[in-house]
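Hello,

Here is the structure you are taking over. My notes follow below it.

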Amino acid sequence: GCGGVGLSAIHIADALGAHPIAIDLVDDKLERAEELGARETVNVTEVDSSAQAVQAITGGGADVSIDALGVADTCKNSVNSLGTRGSHVQVGLTTGEEEGQIELPVDIMTMQEIDFHGSFGMPLVRYEELFNLIAQGTLEPDKIIGETLSLEEAPETLASMDDYGTVGIPVITEF
């Protein structure tokens, strides 16, 4: 998903020299991902399987996948997009419907020796790496800002995020 977390992951991956592939169902979000360094994009409304699309793009599967959304289908597709000895990072928490429980392709994960990692935030000890990328001009966090708004506009914008109605990260600049 190319919300704020997903776009941040794309931008950081690009800054580190990776070749990120962005997956979403909204063209505006995929276009923003390209601006942030996505080498390829996949609109899930235009393919039978995003995992198969990534397998085709990479010639056998991605090295790393990140699910920033936390929906069962995105997590499974993310894992299924990996190649042998790939690593999946689960950032998005599941929805109330899933209640933290989703099915995973365990046999594929075992046979392909896929690693599954959960990540809830970034440890403070890793901030220096990001700050160095910013200082070098390799990482530009302001590019991820989707809109600036006033404090009065925040409730409406926050509510629209439940329906994935924003592109980039909204930032309050007026109080």
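Strand β4 (residues 82–90) and β5 pair in parallel over four bridges; strands count as paired if DSSP finds at least two bridges between them. Helices (H or I, at least four residues) and strands (E, at least two) are DSSP runs, numbered from the N terminus. Ser 87 has Asp 115 in β5 as its bridge partner.

The model is predicted: local features need pLDDT of at least 70 and side-chain atom pairs pLDDT 80 or more, while totals for chains, interfaces and linings use all residues. Residues are numbered from 1 along each chain as its sequence is written, and side-chain values use heavy atoms, without hydrogens or water.

The open sheet has three strands in the order β3-β4-β5, with parallel pairing. Its edge strands, each pairing on one side only, are β3 (62–67) and β5 (115–118). Neighbouring strands are turned by 15° against each other on average, direction ignored. Helix α4 (residues 72–80) packs on the sheet and touches β3, β4 and β5 (contact: heavy atoms within 4.5 Å). The direction of α4 makes about 150° with that of β4; axes are lines fitted to C-alpha atoms, for helices over the stretch in contact, and angles run from 0 to 180 degrees between N-to-C directions.

There are zero disulfides (cysteine sulfur pairs within 2.5 Å).

Regards
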